[in-house]
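The sequence and structure come first.

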Amino acid sequence: MHPSAKKAAQSLPVYHGSSLTVVNGANLGDSLSFAAELDLDDTYELRVNARLRRLAILPAENGTFTIGPDTALGRPGARLHLDCCLTLMSSSGQTAELLVLVEVDEAGHVANIYALPLAKLTPRMGYSLVGIDRQRARQKFAQVACVSFSRGTQITMASGAQKPIEELSVGDIILTRDDGPQALRWIGQSTVRAVGEFAPIRIKAGTLHNERDLLVSPDHRLFIYQRFDALGAGRHEVLVRARHLVNGDTVVWQAGGFVDYFQLLFDRHHIIFAEGIAAETFLVDTRTRDALPQELSETLDRALPGHEGRRHLEYEVSEALLNHPDAASLLKRASTR
């Protein structure tokens, strides 16, 4: 890795385990816990005053995670384990999934439980626990962590032509910002409910000089060149997460229905052009590896030399620097003056 490079923490909107309590069942009165202590058919309720808070995580070399330094919950540096995926069913018959993460102390004892909801939970509504799955947890988490484009996104080819992402094929040559024409190695595709962490972000036409709307996953990072440092980032080139640009007007959450997501993998992590906006491709790391087919994952070196140490990964700016009434408009002006 480049000596000055830092691994970017992923921010997860989570509830503390104490926010979910059993109101009917074997564990009556208990808070949410890890899989070994849970019982099917217990009914949970989300506390009225519960709120999502930011848990920053960093991938560790052994396939686990640690809590990042800039976190609103947990102890920075503490180990974090992805325990299981739970399926809850409301009284109306709607299902919702959540991932359980366990923070452990230096002795290896449970310090905190966190719940990452993959769909919106409503306070005071009863949710019956109908599924506990340890096997799918990493795959589900990978789907949240990996960056995705939506169906219909126009990708710039090496020839300069625009091609809808669903018409791409493995081996197609695509234009990258830093390394010119590069061959596409793998294309992932999934259809998910557009709720919670799976609801995409819509960047409307013209917002960042794009002629058409761009629809991407919430943590998709966009590359922007500022002619002047409007953000105070200390550099002209920045990577910003789509979720941090949401302003309720030109950049919005697109919740409801279903969304077709596509992931583009190259031998290295690249910046490509989607609807004219420079955007990152699939980055293989501890968080995202389980989204890959097993046969492909097994061919990749765990060190991932083609995905680590990319200089542009240093350019990500924190959410704090984007705490502006309309950061998207600010960045657009900075990129044109």
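The largest cavity holds about 140 Å³ of space. A cavity is a set of points, on a 1 Å grid over the protein atoms alone, where a 1.4 Å probe fits but cannot get out. The volume is the space filled by probe spheres set on the points, which are joined across faces, edges and corners. The model is predicted: local features need pLDDT of at least 70, side-chain atom pairs count only at pLDDT 80 or more, and totals for chains, interfaces and linings use all residues. Residues are numbered from 1 along each chain as its sequence is written, and side-chain values use heavy atoms, with hydrogens and water left out.

**Cavities**
- The structure has 2 cavities of 30 Å³ or more.
- Lining residues have an atom within 4 Å of a point; the largest cavity has 14 of them, and A145, V147, R221, L283 and R287 lie nearest its centre.
- That lining divides into 6 nonpolar, 2 polar and 6 charged residues.
- The second largest cavity holds about 60 Å³, and its lining includes Q143, E197, D219, R243 and Y261.
- The lining of the second largest cavity has 5 nonpolar, 3 polar and 3 charged residues.

**Strands**
- Strands are DSSP runs (E, at least two residues), numbered from the N terminus.
- β18 runs antiparallel to β19 (residues 237-241), joined by 5 bridges; two strands pair if DSSP finds at least two bridges between them.
- I224 has V238 in β19 as its bridge partner.

Conventions. Helices (H or I, at least four residues) and strands (E, at least two) are DSSP runs, numbered from the N terminus. On a 1 Å grid over the protein atoms alone, a cavity is a set of points where a 1.4 Å probe fits but cannot get out, and a pocket is an open set with protein on both sides within 12 Å along at least five of seven lines; lining residues have an atom within 4 Å of a point. Ala, Val, Leu, Ile, Met, Phe, Trp, Tyr, Cys and Pro count as nonpolar, Asp, Glu, Lys and Arg as charged, and the others, Gly among them, as polar.
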